[in-house]
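Dear colleague,

I am passing on the structure we spoke of. Please look through it first; my notes on what was found follow below.

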Amino acid sequence: MDRRESLKAIVLSTVSSALLLEGCDSSTTEQEVAQVLETPESSPADGRMPEEIARLEEVTSRKFFTDEEVATITVLSDIIIPADEVSGSASEAGVPDFIEFIVKDKPEFQTPMRSGLKWLDIQSLNQYEKPFRDLNEGQRLEIVDAIAYPERAAPEMKKGVAFFSLMRNLTATGFFTSEMGVEDIGYLGNRPNQWKGVPEEVLRQHNLAYTEKELRECVTFDRNV
Amino acid sequence: MADFQIKEEPKQYDAVIVGSGAGGGMAAYVLANAGLKVCLLEAGAMFDPATDSAQLKNPWDSPRRGASTKFRPFGDFDGCYWGWEIDGEPYTQAEGTSWDWWRARMLGGRTNHWGRISLRFGPKDFKHRSIDGLGEDWPIGYEDVKPYYDKVDRLIGVFGTNEGLENEPDGVFLPPPLPRLHELKIKKAANGIGIPVIPSRLSILTKKINDERGQCFYCAQCGRSCKVYADFTSGSCLVKPAVETGNVDVVPNAMAREVVTNSEGLATGVSYVNKDDMLDYQVNGRVVILAASACESARLLLNSVSRRHPNGLANSSDVVGKYLHDSTGASVSGVLPELMGRKRYNEDGVGGMHVYTPWWLDNKKLDFPRGYHIEYWGGMQQPAYGFGWGVENLNGKLQVNGKTKEAGGYGKSLKEDYRFMYGASVGMAGRGEAIAFESNYCEIDPNVVDKYGIPVLRFNVKYSDYEINQAKHMNQTFKEILHEMGAIITSGGDAGPHNNWGLQNPGKIIHEAGTVRMGNDPKKSALNKWSQAHDCKNLFCVDGGQFVSQGDKNITWTIMALSMRASEYIVDQMKKQNI
């Protein structure tokens with residue numbers, strides 16, 4: 001790609017986005033600005049270094065968890081984050097795939113995860129003579145209840161508690177950084193817009209107000225109109 | 001080895017600059033606009049935010065959801081290539097000491113990694129020895145640098161407010177953004193206990209300043225680098241326009257090996273390894289300007305040993321590598337129950353804090369000699385790797401929608417906890433001034449070379465009680481502010497003597513300075529007050545190396561002001577045929 005050409009395109013889009021931000025009413029501004037901002041094409045490597053691309057290829061070329069382990073991770077992640085009236089479950093949001101990736105990318109998780117899954121199956125075999133993934137829901141929850149609450153778990157469950165906490169953290173991070181999870185949590189940013197300050201009704205709710213100095217000195221756009 | 005030779009570039013430049021960050025970018029900009037022919041060596045790859053930035057990507061666009069890697073220690077979307085470790089480029093530390101060394105390898109250098117916090121040094125920051133007897137006074141004062149700060153403000157753009165504070169000088173400011181909700185709460189709580197909170201000063205364009213750069217559209221992602229150049233990086237705001245003059249050749253992937261000098265001891269050019277073919281090259285110029293970072297510039301000088309400069313170039317004083325110091329840093333964070341279950345709206349704002357606290361106390365009444373400023377964060381940020389982590393340490397301490405919960409848990413109840421707590425975090429960090437001691441230094445490790453065969457640095461840095469006492473004051477102050485706000489502290493609350501009150505390792509704050517310091521006495525400094533080597537009149541150093549001390553201010557703005565000042569001096573001296 002001709003670098004100079006692409007730079008020219010940016011300059012043009014910059015000018016027009018600035019005009020749009022100033023010239024349009026707020027209902028259309030965000031959408032139109034977003035379109036203008038999409039004009040620059042990413043570089044072929046998308047800004048990634050060759051070393052990063054090689055690392056990603058290496059990580060994704062191999063599989064870490066066995067099919068049985070993936071099945072257990074899937075069951076556990078949906079126990080931790082099930083579907084409800086707002087959004088779907090962890091597995092529907094792709095959490096097991098994320099966990100498979102991240103333990104390869106961050107190898108320090110491999111031993112705790114693998115040994116934790118083994119611990120879980122040994123508990124299940126001891127109690128019900130079946131691996132965890134083959135238990136019925138009541139049996140699964142009985143084991144989970146014994147490791148899901150660190151402050152009341154029995155001392156001999158310590159290893160299970162540590163594993164479940166890690167599993168809960170990986171599940172939550174995987175879920176709330178997925179498209180489904182971001183929508184669920186209600187994050188409304190990551191788009192071109194104008195910051196006009198905290199909405200008035202929110203300020204009132206918190207018994208706060210901007211000072212005259214702030215309103216005089218800061219960028220307010222049409223806040224005061 | 002039979003075929004070893006150095007390929008010499010036939011073109012004779014007016015200036016060879018090593019490093020394209022704040023100092024090198026500014027030097028290239030000033031010299032190129034004065035009509036001089038410049039060769040700019042950069043040890044990393046080309047980078048243009050317009051096409052290479054991860055701005056506006058969603059967390060799921062990264063398979064690691066924005067988690068860090070060694071390539072991007074501040075996360076997968078961060079704008080900076082490399083950081084604490086670089087493949088094939090080690091550094092070492094003397095036993096019992098620590099220094100974490102950040103190295104960016106890309107056009108624009110370390111300006112691709114910073115919070116755009118753009119603070120001027122105040123009058124006291126240049127003359128602190130006269131106040132407390134520690135360290136050294138600069139050979140210049142605020143009045144010498146002020147005109148350049150003004151020019152940098154106008155050229156680059158910075159928002160802020162003129163507050164008339166003695167040691168936080170007024171500037172040429174664009175309007176700042178309004179505070180976010182947690183920032184209003186911080187301000188209220190801090191003001192209540194006598195701590196000022198004022199609009200931050202960041203190099204982000206809240207107004208358009210020219211046709212080459214866009215205006216901020218409030219995505220909070222300056223850390224990824226802005227595709228419309230509405231924030232400052234050296235690559236987009238200095239190198240790009242410098243190249244457009246037609247007077248600058250940028251050589252990427254050029255790892256400088258040493259500064260070449262002639263029999264009279266003058267600099268003639270720079271030899272470097274081309275990382276693509278691993279061959280050695282040499283480029284020649286009338287002046288050589290080092291801007292490779294404080295430690296890399298010191299390394300280059302110490303590795304440039306010749307008959308005329310047996311102790312390394314510009315080092316007859318033996319100060320090169322010494323007086324190495326970083327900003328101090330310690331932080332405390334928590335969650336604010338008042339912000340739980342909050343109404344959702346887009347509060348991204350600019351990339352970074354909208355308010356901060358400048359140093360407000362008199363050190364004569366304290367058990368540490370220098371101040372710190374406070375940076376703040378919190379609120380409804382874009383979810384990223386780490387979201388929800390450690391919920392089991394928190395949800396048992398809360399009333400979630402009026403119900404007391406048990407720590408940990410799972411299922412629909414837990415899912416509700418995450419929603420309830422989202423956007424309630426708040427945190428603060430101090431960035432303070434450390435004393436530049438002669439005993440804190442980097443030197444050439446006699447036993448280790450990098451993959452280019454260049455001898456590497458060995459660090460020897462330790463914090464003193466001054467910095468530890470300062471960190472203790474930070475910790476107690478932050479806990480007090482958070483207590484006033486009614487926050488539950490989740491990190492930093494257990495700091496104490498066992499961990500130096502949360503004081504981070506030196507180097508961690510990524511404000512290295514002091515290793516090639518300026519001064520009037522050639523026996524106690526490497527450079528004169530024009531950033532020019534006492535021992536070699538056509539050699540300059542315009543990065544953090546030249547700093548005598550660094551105040552409690554992030555150093556980028558001063559690097560640029562001093563580089564602009566040195567570059568104008570170079571143009572003047574060349575006209576007068578003095579160099």
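B:Ser293 sits in the loop of chain B that runs between β8 (280–290) and α8 (294–303). Please keep in mind that this is a predicted model. B:Gly432 is 139 residues from B:Ser293 along the chain, and the C-alpha atoms of the two are separated by 20 Å.

**Annotated domains of chain B**

An unreviewed entry places "Glucose-methanol-choline oxidoreductase N-terminal" at residues 103–326 of chain B. In the model, residues 103–326 of chain B are 25% helix and 15% strand, and the C-alpha atoms at the ends of the span lie 14 Å apart. The feature "Glucose-methanol-choline oxidoreductase C-terminal" is placed by UniProt, again from an unreviewed entry, at residues 449–562 of chain B. For residues 449–562 of chain B, the end C-alpha atoms are 32 Å apart, with 25% helix and 17% strand.

**A helix pair in chain B**

Helix α1 (residues 22–33) of chain B packs with helix α7 (residues 234–244) of chain B: the axes come within 8 Å and cross at roughly 25 degrees. Angles under 35 degrees count as roughly parallel, so α1(B) is roughly parallel to α7(B). The crossing of the helices α1(B) and α7(B) is left-handed. On the α1(B) side the residues are B:Ala22, B:Gly25, B:Met26, B:Ala28, B:Tyr29 and B:Ala32, and these meet B:Ser234, B:Leu238, B:Val239, B:Pro241 and B:Ala242 in α7(B). By class, the contact of α1(B) with α7(B) has nine nonpolar residues, two polar and no charged.

**Chain A**

What is the secondary structure of chain A? Chain A has eleven helices and zero strands. Chain A has 225 residues, of which 34% count as buried. Taking contacts in chain A between residues at least 6 apart in sequence, 55% join residues at least 24 apart.

One helix pair in chain A can be set beside the pair above. Helix α5 (residues 95–105) of chain A packs with helix α8 (residues 158–176) of chain A at an angle of about 115 degrees, and the axes are 9 Å apart. The range 65 to 115 degrees counts as roughly perpendicular, so α5(A) is roughly perpendicular to α8(A). The crossing of α5(A) and α8(A) is right-handed. From α5(A) the contact takes A:Val95, A:Phe98, A:Ile99 and A:Ile102, and from α8(A) it takes A:Leu170, A:Thr171, A:Gly174 and A:Phe175. Six of the residues in the contact of α5(A) with α8(A) are nonpolar, two are polar and none is charged.

**Where the chains meet**

The contact between the chains takes 68 residues from chain A and 72 residues from chain B. On the side of chain B that touches chain A, the elements giving two or more residues are α2 (49–52), α6 (181–192) and α9 (411–421) of chain B. The largest share, six residues, comes from α9(B). By class, this side of chain B has 36 nonpolar, 17 polar and 19 charged residues.

Regards

Definitions and conventions: Residues numbered from 1 in each chain as written. Chains lettered and ligands numbered in written order. Predicted model: local features only at pLDDT ≥ 70, side-chain atom pairs only at ≥ 80, totals over all residues. UniProt positions renumbered as here; feature names shortened; annotations may be inferred. Helix = DSSP H or I, 4+ residues; strand = E, 2+ residues; numbered from the N terminus. Contact = placed C-beta atoms within 7 Å. Nonpolar A, V, L, I, M, F, W, Y, C, P; charged D, E, K, R; others polar. Axes fitted to C-alpha atoms, helices over the stretch in contact; angles between N-to-C directions. Parallel < 35°, antiparallel > 145°, perpendicular 65-115°, else oblique. Left-handed = near helix turned anticlockwise from the far one by under 90°. Buried ≥ 20, exposed ≤ 12 C-beta atoms within 10 Å, placed from the backbone.
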